[in-house]
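Good morning, and thank you for making time for this presentation.

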Amino acid sequence: MAFPALFVSHGVPSAALEDDAYTRALGAWARERPRPRAVVVVSAHAEALGPVRVNAAPHPPLIYDFYGFPPALYDLRYTAPGAPDLAREVAGALAERGLDCVLDAQRGWDHGVWVPLVRLFPAADVPVVAVSL
């Protein structure tokens, strides 16, 4: 089965707070398309030396993996649910293609995951699975 793919650069973490052409374009893109049942995000900020890690937490915490930004950014919450069933499906598909992978219910979402999602799906109502590089 083919799934649509989108490359989104998160830019600076403060994009989660900013109102500019880039952040408005992300929101418009999402509003102009059917709402997905879930999203799978591969984040360059989650590199694994061993197997690929597929986040299977039902409610992953946010990781504020940056410094020197306005305090409001560290107070920002994004409470979209995880998708453990989809995580198992993703891990299975990776394994079928010969990639060593593990389910990870501990790691939260780094800013490469949650910053674009704040702009794409601000209601935090689309389940998310994060995958490491």
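Is Asp19 buried or exposed? Asp19 has a relative accessible area of 59% and is therefore exposed; the scale sets buried at under 20% relative accessible area, exposed at over 50% and partly exposed in between, with a 1.4 Å probe and protein chains only.

Before I continue, a word on the source. This is a predicted model, in which local features need pLDDT of at least 70 and side-chain atom pairs count only at pLDDT 80 or more, while totals for chains, interfaces and linings use all residues. Residues are numbered from 1 along each chain as its sequence is written, and side-chain values use heavy atoms, with hydrogens and water left out.

Let me stay with Asp19. Its side chain meets that of Arg24 in a salt bridge, at 2.9 Å from N to O. The term salt bridge denotes a side-chain nitrogen of Lys or Arg within 4 Å of a carboxyl oxygen of Asp or Glu. Side chains of opposite charge can pair when their charged atoms come close. Arg24 is partly exposed, at 45% relative accessibility.

Helices here are DSSP runs of H or I with at least four residues, strands are runs of E with at least two, and both are numbered from the N terminus. Both partners are partly exposed, Asp125 at 43% and Arg35 at 45%.

The other is formed by Glu89 and Arg37, whose closest N and O atoms are 4.0 Å apart. Here too distant parts of the chain are linked, since Glu89 is in helix H3 and Arg37 in the loop between H1 and E1, 52 residues apart. Glu89 is partly exposed at 44%, whereas Arg37 is exposed at 62%.

Ala124, in the loop between H4 and E4, has a positive phi of about 55° although it is not a glycine. Most residues other than glycine have a negative phi. Ala124 is buried, with a relative accessible area of 12%. Within E4, Val128 and Ala130 point one way and Val129 and Val131 the other way, and all are buried. E4 pairs with E1 in the parallel sense over 4 bridges, where pairing requires that DSSP find at least two bridges between two strands. Val129 of E4 is the bridge partner of Val40.

Next, two residues and their contacts, a contact being heavy atoms within 4.5 Å. Ser14, in the segment before helix H1 (21-31), counts as buried at 10% relative accessibility. Leaving aside residues up to four places away in sequence, Ser14 touches Phe69 and Leu73. Leu76 sits in the loop between helix H2 (71-75) and H3. With the same exclusion, Leu76 touches Ala16, Leu17, Leu62, Tyr64, Trp114 and Val118. Leu76 and Tyr64 are 12 residues apart in sequence and 9.6 Å apart in space, C-alpha to C-alpha.

Finally, the spaces. On a 1 Å grid over the protein atoms alone, a cavity is a set of points where a 1.4 Å probe fits but cannot get out, and a pocket is an open set with protein on both sides within 12 Å along at least five of seven lines; lining residues have an atom within 4 Å of a point. Points are joined across faces, edges and corners, and a volume is the space filled by probe spheres set on them.

The largest pocket holds about 1,400 Å³. It is lined by 36 residues, and Pro4, Ala5, Leu6, Val39 and Val40 are the closest to its centre. H1, strand E1 (39-42), helix H3 (84-96) and helix H4 (111-120) each give two or more residues to that lining.

There is 1 cavity of 30 Å³ or more, and the largest cavity has a volume of about 90 Å³. Of its 13 lining residues, Ala46, Arg53, Asn55, Arg107 and Ala130 lie nearest the centre. Strand E2 (52-55) gives the most to this lining, with 3 residues.
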